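Please read the points below beside the sequence and the coordinates.

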Amino acid sequence: MLRCIELGERGLGTTAPNPMVGCVIVYDQKIIGEGYTSPYGGPHAEVNAINSVKEKKLLSKATLYVTLEPCSHFGKTPPCSDLILKHAIPEVVIGLQDPHDKVAGKGIEKLKASGCNVTVGVIEAECRNHHKRFLSFQEKKRPYIVLKWAETKDGFIAPDKKQRNNVPEPFWISNTYSKQLVHKWRTEEQAILVGTNTVLEDNPKLTARNWGGNHPTRVILDRDLKIPSDFHVLDKSVKTIVFTQTGNSTNHVNGVIYELIDFSLPIAQQICDVLYHHSITSLLVEGGAKTLQTFIDSGLWDEARVFKGVTLFQKGITAPKIPGRLSENISILTDTLSIFLND
């Protein structure tokens, strides 16, 4: 099952909103096939694993291991449980039952009813952690939320306005290697969110240009539609959702999605509700300080990744305060990356 998880990780950033499942097929204590979920719309892990087996006749004597319950319904692909039964695989070991209402034990029941010996709950905690994005979406009805920011050695997230250049561009606190790691993270999550001030001050692209992979959907908070149409986030190169309270579409940019919310009410939950409607299973919140603190105060976050650099600002915008459990500290040359979990 650990090998299944290892395989499933290869689908990170490409399978959503489907889960990144891993599957291994064993005969006579040897792995004869393995696979993981293809990019969204493609074959599931079980299909890829079964197709990888060279001697198909061995399947009728093999054991199939999979991180999540095989599906039993028709979606973009046929049910995986039907394929397992077609090849008469006698033993199926499942890490975790699928909470999706179209599956939710139906795949297990179908396999058992056809005479398959099914075991459920093998290293379940590890499988839950592996499927945390999918499970957050299914069980909490919101994306898995990762907060990220960089702060100076003296605890500031941004400099005093007088320290900035006249031309809007990012003011880097972390080093080049940390910056590249953030771009890797952007390929792993479905969407990335920033507030109005961050866009106006930095004019960011919010893409994963320093790492190979998919660009995340850009999610922008712009209550009064202050962001100029020639800024990077409105260039339509990447799917973009703008949250606003302005119903007048005069300033809308064609090709950008606009969603109305009430900024006089707590906004984090409203954002989660809309993103759930857009089938976004994970969200990377990159700033600014006010936006990050909004998610922290609402309790709507799962993980925080905080870089601490060696720069000193002495004054500026204070970094958010995170109440979560410190999971680990990682050194990235001159930076320290701290990972916090909202248990």
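1. Basis. This is a predicted model, in which local features need pLDDT of at least 70 and side-chain atom pairs count only at pLDDT 80 or more, whereas totals for chains, interfaces and linings use all residues. Residues are numbered from 1 along each chain as its sequence is written, and side-chain values use heavy atoms, with hydrogens and water left out.

2. The structure holds 16 salt bridges, the term being used for a side-chain nitrogen of Lys or Arg within 4 Å of a carboxyl oxygen of Asp or Glu. One of them joins Arg-128 to Glu-139, with 2.8 Å between the closest N and O atoms. Because Arg-128 belongs to helix α5 (residues 124-130) and Glu-139 to helix α6 (residues 132-140), this pair ties together parts that are 11 residues apart in sequence. Helices here are DSSP runs of H or I with at least four residues, strands are runs of E with at least two, and both are numbered from the N terminus. Arg-128 is partly exposed at 34% relative accessibility, and Glu-139 is partly exposed at 40%; buried means under 20% relative accessible area, exposed means over 50%, and partly exposed lies in between (1.4 Å probe, protein chains only).

3. A link between distant parts of the chain. Asp-302 and Lys-140 form a salt bridge at 3.3 Å, N to O. The two residues are 162 apart, with Asp-302 in the loop between α10 (289-298) and β13 (303-308) and Lys-140 in helix α6. Asp-302 is buried, its relative accessible area being 9%, while Lys-140 is partly exposed at 47%.

4. Lys-184 and Glu-188 meet in a salt bridge at 2.6 Å, N to O, and both lie in helix α7 (residues 176-188), where four residues, about one turn of the helix, separate them. Lys-184 is partly exposed at 27% relative accessible area, whereas Glu-188 counts as buried at 13%. Elsewhere, salt bridges with shared partners join Arg-3, Glu-6 and Glu-34 into one network.

5. The sheet. Five strands form an open sheet in the order β2-β1-β3-β4-β5, and their pairing is mixed; two strands pair if DSSP finds at least two bridges between them. The edges are β2 (30-36) and β5 (117-120), each of which pairs on one side only. From one strand to the next the twist averages 15°, where axes are lines fitted to C-alpha atoms, for helices over the stretch in contact, and angles run from 0 to 180 degrees between N-to-C directions. Strands β1 (residues 22-27) and β3 (residues 63-68) run antiparallel and are joined by four bridges, and Ile-25 stands opposite Leu-64 in β3.

6. Helices on the sheet. Helix α2 (residues 45-52) packs on the sheet and touches β1, β2 and β3, its direction making about 140° with that of β2. Helix α4 (residues 106-113) also packs on the sheet, touching β4 (91-96) and β5, and its direction makes about 150° with that of β5. Contact here means heavy atoms within 4.5 Å.

7. A residue pair to check by eye. Which helix supplies the largest share of the lining of the largest pocket? That share, six residues, comes from α8.
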